[in-house]
Amino acid sequence: MKEEQDQALVKRTLRGDKKAFEMIVRKYQQPLLNYVGRMVGEREMALDFTQDVFVRAYASLRSYEPRFKFSTWLYKIASNLIIDHWRKKKLPTFSLSEPLDPEEDCLTLDVPDGEPGVSRKFELAELRLRIETALEKLPGPLRELFVWRHVNELSYEEMAEIKDLPLGTIKNRVFQAKEMVRRLLQEMS
Amino acid sequence: MKCSKINDIYDYIEGSLAPERTQELERHLGTCPSCRRAVEDRRLVAGAASGLPPFAVPEDFTDQVMARIAPLKIKPPVWLIILAFASAWLAVASVILLASGKSVLGIISGASHSLWEYVKGAAVFTAKAATLLTLAGKTLRPLAEACYKGFSALTSIIDPGFQALILVLALGLVVSLFFGMRKKLSLGE
């Protein structure tokens with residue numbers, strides 16, 4: 001139903017109804033800003049980037065293929081914009097399809113006996129603050145997946161479609177991101 | 001727990017683990033406090049991450065986006081384009097009919113007469129061109145034969161090594177002439 005509404009709004013926009021696009025902006029500005037904000041860090045830059053995503057989406061709306069979900073198409077535009085930004089800033093990045101270092105590629109349980117887990121040591125609000133700090137330290141491509149999964153609540157299928165990668169690869173990378181966040185939380189405690 | 005089991009734990013937390021694997025894992029968790037703590041810890045982190053606070057969207061954000069987008073060029077449907085062309089053609093045809101003062105049949109027969117005249121003219125031109133080509137062939141053939149004989153006689157006199165040298169020099173001359181002409185004619189890249 002939600003997807004059908006999006007498709008209808010896209011059709012109306014293509015017929016010249018700017019109000020329909022305004023509805024799209026209102027619908028997706030919050031989730032996109034939640035994602036972009038955590039990817040670029042600075043609030044003002046995040047607002048500019050999110051605006052750019054909508055401007056780009058509007059300009060290339062004719063190239064949108066209705067067989068894809070409109071929301072994943074928007075996230076794809078945003079993701080490409082952020083990757084361009086990382087490249088321009090020469091920030092370290094890597095392809096999700098390439099393995100990280102072999103130790104990190106192999107996920108293992110690492111809770112020593114008798115020691116309380118990291119989440120038990122903090123209150124919920126404190127834990128959330130620390131997760132935000134840990135996210136800043138996470139490599140960009142893994143941070144992106146973590147945010148999509150937990151903040152934007154995207155499915156693994158949607159993420160695989162956005163990144164154009166196999167479902168198994170995406171799932172493994174999301175788990176890897178979660179484990180990294182946990183490890184960083186442990187280091188903070 | 002083995003390395004591969006961590007994926008099972010995340011699938012278990014997300015409720016996407018197969019029923020038989022879920023039973024197996026739950027049996028294990030019943031006897032292993034360390035793994036139980038590991039699951040609990042990851043569940044708490046995931047819960048906290050899913051409730052990360054949203055970024056505040058400024059009230060005028062949508063207006064700012066809408067102010068940045070240029071109106072889309074409306075693309076008319078195909079049937080409308082065809083209809084427009086057909087109408088335009090009919091209008092032009094009607095004007096010609098009115099201006100000539102002739103009937104539709106008169107114009108069609110006049111057009112077919114002109115077409116026949118063109119076909120006749122083209123046939124005569126082709127015949128004349130063919131005659132000229134035959135004549136040129138007959139005249140040039142002895143000349144080509146004499147050239148071939150002269151060239152054969154020359155190559156039989158000159159040493160093959162010397163012939164190769166001449167060829168290389170000629171090739172060099174052609175290449176240098178080509179590049180010289182390129183510069184003069186400013187053909188550039």
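Leaving aside neighbours within four places in sequence, A:Leu74 is in contact with A:Tyr28, A:Leu32, A:Val53 and A:Ala57, where contact means that the C-beta atoms of two residues, placed from the backbone, lie within 7 Å. The model is predicted, so local features need pLDDT of at least 70 and side-chain atom pairs count only at pLDDT 80 or more, while totals for chains, interfaces and linings use all residues. Residues are numbered from 1 along each chain as its sequence is written, chains are lettered from A and ligands numbered from 1 in the order in which they are written.

**Chain A**

- Chain A has ten helices and zero strands; helices (H or I, at least four residues) and strands (E, at least two) are DSSP runs, numbered from the N terminus.
- Of the 189 residues in chain A, 39% are buried; a residue is buried if 20 or more other C-beta atoms lie within 10 Å of its own, exposed if 12 or fewer, and partly exposed in between, with C-beta atoms placed from the backbone.
- Among contacts in chain A between residues at least 6 apart in sequence, 69% join residues at least 24 apart.

**Nonpolar cores**

- A nonpolar core is a set of buried Ala, Val, Leu, Ile, Met, Phe, Trp, Tyr and Cys residues joined through C-beta atoms within 7 Å.
- The largest such core has 49 residues, and A:Val36, A:Leu74, A:Ala78 and A:Val181 have the most contacts inside it.
- Two or more residues of this core come from each of H2 (18-40), H3 (43-59), H4 (70-88), H7 (124-137), H8 (140-150), H9 (156-163) and H10 (167-188) of chain A, and from H3 of chain B.
- H2(A) gives the largest share of this core, ten residues.
- A second, separate core has six residues, among them B:Ile6, B:Ile9, B:Tyr12 and B:Ala38.
- B:Ile6 is found in helix H1 of chain B and counts as buried because it has 22 C-beta neighbours inside 10 Å.
- Between B:Ile6 and B:Ala38 there are 9.7 Å in space, C-alpha to C-alpha, and the two are 32 residues apart in sequence.

**Interface between chains A and B**

- Contacts between the chains involve 33 residues of chain B and 38 residues of chain A.
- On the side of chain B that touches chain A, helices H1 (5-14), H3 (33-50) and H4 (61-68) of chain B are the elements that give two or more residues.
- H3(B) provides the largest share of that side, 13 residues.
- The residues of that side divide into 22 nonpolar, six polar and five charged; Ala, Val, Leu, Ile, Met, Phe, Trp, Tyr, Cys and Pro count as nonpolar, Asp, Glu, Lys and Arg as charged, and the others, Gly among them, as polar.
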